[in-house]
Amino acid sequence: MIEWMRKNDIASKALSVGFALFLWFYVVSTTNPDMTQTFTKVAVDFTGTEALSENDLIITEGRHSTVSFKVSGKSERIAMLDSDRLSVSADLSNITSPGNYNLKYQVTTSVTDVTINKITETIPIYVDRIISKSVPVKVTFSGTLADGYISDNYSVTPDAITVKGPEQLLDTIVSAAATYDISALKSSADTTLIYTLVNSKGEEVKSPYITVDAPSIKLSLAVSQTGNIPFVLTVNDFGFITKDLVKITIEPSSIKISGSPDVVSMLNQIDLGSISLETIFESGLFELELPVILPNGVTSDDNITSVKVAVEPVGITKTSLEITKDMMPESSYFRYVSNLSVTVWTTEDHASSISADNIDVSLSYYPENLHEGLNEISATVTSLDDKMVIVGEYSVIVEVPK
């Protein structure tokens with residue numbers, strides 16, 4: 001046997017095979033060694049979100065969680081790992097109420113012969129309930145209106161916003177706040193405003209999980225112009241008595257109004273209409289009350305519905321002139337029983353020069369209508385002096401003989 005082994009060089013051949021095996025093991029171990037690779041910030045894919053939605057739940061914290069883990073194996077296997085062959089998932093289907101949860105997750109790969117070691121075993125999340133609530137719209141006005149302009153009222157549409165989202169977040173929302181600058185406003189405005197959801201401190205509450213039923217509001221703001229407008233009055237003359245010979249006092253003399261700028265800007269007086277000096281002097285009523293009628297679109301906070309007008313004669317005087325019986329028109333049907341006293345107005349400097357000769361008297365009657373005894377006949381008294389007017393109605397008493 002030994003001879004045979006020597007003859008066939010078995011020892012050297014065995015040594016060669018052993019060396020070859022050693023070389024093979026060496027090459028394999030040095031070209032495909034064991035290794036470990038750490039993967040960090042790998043996004044978690046949540047499953048079972050439909051179950052959350054069915055229970056009106058939503059993840060508000062931890063939705064974008066990432067995890068880190070180690071993968072061990074031969075280098076050729078590790079080299080095969082990429083984002084398409086690695087996935088991380090966590091199941092939400094067992095969550096049925098709001099709260100904090102530590103979810104276990106699974107790391108899977110299509111690459112075989114590797115070992116996965118998690119750095120952390122769970123991921124923290126917070127699940128909240130989805131609710132709806134109505135919050136009021138509140139508009140804040142910045143700046144101030146120009147002098148002479150006021151804002152009576154405003155309206156917003158809608159006046160409340162329906163907000164939907166996580167309950168914990170919605171509990172902090174107190175209003176939908178919008179701001180509008182009125183400093184350059186000189187007429188009523190209709191505009192669209194973007195609002196902000198705010199908490200009790202006025203801080204914005206913003207989240208991608210919040211939805212609203214209206215992205216904006218419509219503001220209608222009524223702006224009025226104000227002014228102190230005087231009253232004016234037209235005075236109709238009575239003979240020589242013009243408005244220059246009377247003092248007209250209107251109380252109050254003006255009124256504070258507000259209304260549409262288009263109307264108020266063109267308004268410089270409130271017309272009370274006209275008065276007749278003849279009517280005033282004839283009646284002897286030198287004080288009267290006139291209604292105040294404001295133009296359409298104009299109002300007043302003064303609650304003035306009428307004004308008092310006083311008429312005072314200036315530089316004129318009232319006197320009486322006696323028309324004696326012998327100055328009356330002659331008649332064959334009757335005789336005059338008394339004289340006729342006539343009231344006249346004239347200027348103070350002309351009063352001394354007027355007399356009964358400046359008056360003409362005419363009678364209106366039908367002889368057949370007179371009866372025996374005393375009769376009253378209407379008399380028309382006319383001034384023959386252009387600086388004198390006669391006031392009053394007159395009649396004379398006559399006696400028809402039997």
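**Close-up views of a predicted model**

**View 1. Three strands form an open antiparallel sheet in the order β17-β22-β20.** Strands are DSSP runs of E with at least two residues, helices are runs of H or I with at least four, and both are numbered from the N terminus. Two strands count as paired if DSSP finds at least two bridges between them. β17 (246–251) and β20 (287–291) are the edge strands, and each pairs on one side only. Neighbouring strands here are turned by 25° against each other on average, direction ignored. Axes are lines fitted to C-alpha atoms, for helices over the stretch in contact; angles run from 0 to 180 degrees between N-to-C directions. This is a predicted model, in which local features need pLDDT of at least 70 and side-chain atom pairs count only at pLDDT 80 or more, while totals for chains, interfaces and linings use all residues. Residues are numbered from 1 along each chain as its sequence is written, and side-chain values use heavy atoms, with hydrogens and water left out.

**View 2. β20 pairs with β22 (residues 306–313).** The two strands are antiparallel and share 5 bridges. E289 has K308 in β22 as its bridge partner.

**View 3. β2, β5 and β7 form an open sheet, in the order β2-β5-β7, with mixed pairing.** β2 (45–47) and β7 (106–109) each have a single partner strand, so one side of each is left without a neighbour in the sheet. β5 (residues 86–91) runs antiparallel to β7, joined by 4 bridges. S87 stands opposite T108 in β7.

**View 4. V337, L374 and I397 form a nonpolar surface patch.** Together they have about 230 Å² of accessible area. Areas come from the Shrake-Rupley method with a 1.4 Å probe; for residues, only the protein chains shown count as cover. Patch residues have over 30% relative accessible area and no salt bridge; nonpolar side chains (Val, Leu, Ile, Met, Phe, Trp, Tyr) are joined within 5 Å, like charges within 9 Å. A salt bridge is a side-chain nitrogen of Lys or Arg within 4 Å of a carboxyl oxygen of Asp or Glu. L374 lies in strand β27 (residues 373–383). L374 is exposed, at 52% relative accessible area. Exposed means over 50%, buried under 20%, and partly exposed in between (1.4 Å probe, protein chains only).

**View 5. The setting is a protein with 7 helices and 29 strands.** Its radius of gyration is 56 Å, well over the 21 Å of the globule rule for 402 residues, so the protein is more spread out than a compact globule. The radius is taken over C-alpha atoms; the rule is 2.2 Å times the number of residues to the power 0.38. Along the principal axes, the C-alpha atoms fill a box of roughly 205 × 40 × 30 Å. Buried residues make up 34% of the 402 residues.
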